[in-house]
Amino acid sequence: MKKFFLIILFFACVDQKSEIQLLEKHEFQVLMNQDVQLIDVRTSEEYSKGFIEEAQNINYNSTDFANKISKLDKNKPVLLYCAMGGRSSKASKVFKSQGFKKIYDLKGGFLSW
């Protein structure tokens, strides 16, 4: 009975897992045409020098980053980018830990845009 219960619990957890995908620019652009949350995780200074249209700026390095993203829709796909891909990769793990279902990270960041 215990093995059966563990197997059911395992499959229940697998179904709930978050998904993080690293996307090339073209794939990222295709997803932008859908109902998504586009998040720029760079600093406000970086953001002010240029950003992807309709992106919301939530600085990964800010002390309230986790609190700010907790207010977003966890069931709606999230598209993330930073300058080159390092911070967005780390940010995607925070999104995953908070239960976001679909997380997409722009390979090469804004510099590849």
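Contact here means heavy atoms within 4.5 Å. I'm working on a predicted model, where local features need pLDDT of at least 70, side-chain atom pairs count only at pLDDT 80 or more, and totals for chains, interfaces and linings use all residues. Residues are numbered from 1 along each chain as its sequence is written, and side-chain values use heavy atoms, with hydrogens and water left out.

**Entry 1: Phe95**

I started with Phe95, which sits in helix H5. Helices (H or I, at least four residues) and strands (E, at least two) are DSSP runs, numbered from the N terminus. What does Phe95 touch, not counting residues up to four places away in sequence? I got Ile39, Phe65, Ile69, Leu72, Val78, Leu80, Phe100 and Ile103. For one of these, Leu72, I also looked up the spacing: Phe95 and Leu72 are 23 residues apart in sequence and 9.9 Å apart in space, C-alpha to C-alpha. Phe95 has a relative accessible area of 0%, so I logged Phe95 as buried. The cut-offs: buried is under 20% relative accessible area, exposed is over 50%, and partly exposed lies in between (1.4 Å probe, protein chains only).

**Entry 2: the rest of H5**

H5 runs over residues 86-97, which makes 12 residues. From first C-alpha to last, H5 reaches 17 Å, close to the 16 Å expected at 1.5 Å a residue. That expected span is 1.5 Å times one less than the number of residues.

Which residues of H5 are buried? Arg87, Ser88, Ala91, Ser92 and Phe95 are. Looking down the axis, I see the buried residues of H5 fall within an arc of 140°, so they line one face of the helix. The arc is taken from the directions from the helix axis to the C-beta atoms. As background, an α-helix has 3.6 residues a turn, so residues three or four places apart point the same way. The face of H5 turned away from the buried side carries exposed Lys93 and Ser97.

I then checked what covers the buried residues of H5, and the cover includes strands E1 (19-23), E2 (37-40), E4 (78-81) and E5 (102-106). Helices H3 (44-48) and H4 (65-69) are also among the covering elements.

Ser88, another H5 residue, is at 0% relative accessibility and counts as buried. Leaving out residues up to four places away in sequence, Ser88 touches Val41, Leu80, Tyr81, Cys82 and Asp105.

After H5 comes Gly99, with a positive phi near 95°. Glu54 has a positive phi too, near 75°, and is not a glycine. Most residues other than glycine have a negative phi. Glu54 is in the loop between H3 and strand E3 (56-57), and is exposed at 70% relative accessible area.

**Entry 3: salt bridges**

How many salt bridges are there in the whole structure? My search finds 6, taking a salt bridge as a side-chain nitrogen of Lys or Arg within 4 Å of a carboxyl oxygen of Asp or Glu.

One of them pairs Lys107 with Glu24 (3.2 Å, N to O). Lys107 lies in the segment after E5 and Glu24 in the loop between E1 and helix H2 (25-32), so the pair ties together parts that are 83 residues apart in sequence. Lys107 is partly exposed at 42%, and Glu24 is partly exposed at 40%.

Asp40 and Arg42 also meet in a salt bridge (2.7 Å, N to O). Here I found Asp40 buried at 0% and Arg42 buried at 4%.

I also noted Lys68 with Asp64 (3.8 Å, N to O). Lys68 is partly exposed at 38%, and Asp64 is partly exposed at 29%.
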